[in-house]
Structure formats: structure tokens, C-alpha cells
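Hi,

Here is the structure I promised to pass on.

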Amino acid sequence: MLKPGRLWTKVIERTEHAIQCGALLSIPTEYEFVEQDGVRFLVRILSNLARKDEAKQKQNKETANSGKDFNPFLPYDEDLFVTDISDTHVCIFNKFNVVDYHLLIITREFEEQESWLTLPDFEAMWACLAEIDGLAFYNGGKIAGASQRHKHLQLVPLPLVPNGVQIPIEPLLASAKFQDSIGTIPGLPFRHAFAQLDPSWLQSPLQAASTLECYRNLLQTLGLNNGDQPGAYNLLATRKWMLIVPRSQEEFESISVNSLGFAGALLVRNYEQMKILKDWGPITLLQKVAVPISLC
């Protein structure tokens with residue numbers, strides 16, 4: 001359904017529409033760089049969360065009144081619609097975006113956010129990555145930072161930072177040590193698994209199947225492939241690599257972390273949280289919400 005060469009045009013057109021009709025409610029931020037162990041983390045300070053907090057309270061009230069979890073993706077807001085991707089997935093905007101052109105890749109039918117990623121999920125992800133050079137990510141469960149139960153991947157265009165490297169953790173990736181195709185990154189002091197992807201897969205009809213196999217191998221390496229669903233984890237993927245990080249808790253010292261944190265982009269709600277982050281250090285914060293290397 002997604003015609004080649006059309007996604008970015010659709011994103012620009014639909015962004016203008018979503019802003020004009022008031023459906024897209026961007027959250028203004030300030031930012032600083034906080035460095036630890038050679039990585040310059042981009043830390044955004046959310047200056048006004050009133051609208052998002054109000055929407056969350058409304059959602060909780062609707063859930064309490066109906067006895068059912070409110071699902072903003074079924075049906076999704078038509079004014080946030082970007083394009084159809086496939087028979088199984090649709091692309092919409094993140095209503096409360098911090099990053100410009102932040103896209104959600106959602107399943108048409110309800111699937112649990114804690115369920116396995118599937119071949120159609122990776123087909124949809126690659127259909128978008130083929131059009132937009134970006135960072136795709138998946139918050140696997142509430143502990144990993146997912147705010148909605150309805151399965152959705154996310155995509156933000158690169159670069160993540162105004163200047164310098166495209167992704168703040170890039171300096172660490174070059175030092176990855178591989179055993180067969182599975183790598184570990186010495187600068188990340190917590191459990192993770194890393195793999196390189198072949199950019200030529202963009203033109204291959206087999207790229208989604210190859211990525212699915214890579215995903216399963218990373219999960220197996222981390223011991224997350226047991227049972228009906230994996231444990232909590234964050235998945236990050238670009239055209240060139242994939243990283244999976246198991247999670248132990250959703251926040252530390254009141255600072256929440258999702259997949260973008262492991263890319264080197266963190267969010268704090270106020271200057272008090274910024275001070276906490278600086279006192280501990282960004283990598284230490286990630287270590288606290290991840291799984292210690294000693295736990296296998």
C-alpha cells in the first residue's frame with residue numbers, strides 16, 4: 001500500500017494538516033548535553049506537560065468508567081493519520097511529540113505491546129526505513145517505557161542531535177566485540193546484544209525475514225525467548241544495526257527511560273530531575289534501569 005518515494009511527502013503534508021487542526025500537540029523543550037564516558041547525551045527538559053497530563057487523566061477516567069482500557073489507536077485519530085503501510089500496519093503521528101516528525105507504526109488490529117515482534121512488524125518497519133533514514137525503536141512492555149498496550153513501533157528521523165554524530169551512542173558502537181554475528185559493546189555496563197544489519201537489505205524482498213531472524217537470535221542470546229512472551233526490553237534499529245537491552249525497571253530516581261535513552265537521548269520533567277541526572281551520570285542511570293551483566 002505504501003508507494004515507494006511517497007512517505008516523506010505524506011509526512012510533510014499531514015504534519016501541516018495535523019498542526020492546523022490542533023491534533024498534533026508538540027511538547028516544547030529545552031536541551032543540554034551531559035557527557036559521561038565519552039558519550040554526549042542529549043537531555044531534553046520538558047517545559048510544559050500540562051496537556052499530556054490532562055490527556056492521561058482523561059484516559060484514566062474513561063478506563064475507570066468503562067471498565068476497559070482506553071485504546072487511542074483503535075480507532076486512531078484520523079487527523080493524526082499519515083499513510084497506510086500494509087494490510088497489517090498503519091502509520092500515524094505521535095500526538096504529543098518531542099521530536100519533529102515522530103511516527104508510530106501501529107497494528108490495524110489489537111495486539112499486545114508485550115507480544116513478540118513478527119514478520120509483518122519488520123516488513124512495516126523496513127517499508128518506513130527505506131523511505132526515511134531514521135531510528136526505529138520498540139518499547140517492549142510497560143517496564144521498558146511503553147505507555148500504550150496496543151502494539152506500536154516508533155520511528156524518528158536522523159540525526160537525533162542538532163550537530164555532531166547522528167546518534168549520541170555512535171562513538172561506542174565502533175568498539176563492539178563480536179562472537180559470530182552477536183556483538184557486545186564494552187562501553188555499555190549492562191546486559192545487551194548488538195548486531196550489524198546489511199543496508200543492502202533495503203532493496204531486498206528478504207530484508208524483513210532476515211531482520212526477524214536477527215531479532216530472535218538477539219533475544220535468544222539474552223535469554224528473553226522463553227515462554228509465551230519475552231521479558232521487558234528495548235529494541236533500537238537503524239538501516240545498519242540493531243540493539244536489544246533487557247529492562248529491570250521503568251524509572252530510576254523518578255526519571256523514566258524508554259528506548260531513546262539507550263540511543264543517548266533522555267528526557268527529564270524539570271531542572272530537579274536534570275540535577276539528579278547530572279549527579280548520577282546518564283550511563284549510570286541506564287545501568288540502573290537495565291539488567292546487570294552478572295545476571296544471566
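With that, the lining of the largest cavity has 5 nonpolar, no polar and 1 charged residues. A cavity here is a set of points, on a 1 Å grid over the protein atoms alone, where a 1.4 Å probe fits but cannot get out; a pocket is an open set with protein on both sides within 12 Å along at least five of seven lines, and lining residues have an atom within 4 Å of a point.

Do keep in mind that this is a predicted model, where local features need pLDDT of at least 70, side-chain atom pairs count only at pLDDT 80 or more, and totals for chains, interfaces and linings use all residues. Residues are numbered from 1 along each chain as its sequence is written, and side-chain values use heavy atoms, with hydrogens and water left out.

Back to that cavity: L42, R44, V99, L160, L260 and A265 form its lining.

The second largest pocket is lined by D133, L158, Q166, I167, E170, P199, T238, R239, K240 and W241. By class, that makes 4 nonpolar, 2 polar and 4 charged.

Then there's H152, which UniProt lists under "active site" in an unreviewed entry (such annotations may be inferred rather than shown by experiment, and positions follow the numbering used here, with feature names shortened). H152 counts as buried because its relative accessibility is 4% (buried means under 20% relative accessible area, with a 1.4 Å probe and protein chains only). Beyond its neighbours within four places in sequence, H152 is in contact (heavy atoms within 4.5 Å) with F73, L104, I105, I106, Q113 and Y138.

Cheers

Key:
Buried < 20%, exposed > 50% of the residue type's maximum accessible area, 1.4 Å probe, protein only. Nonpolar A, V, L, I, M, F, W, Y, C, P; charged D, E, K, R; others polar.
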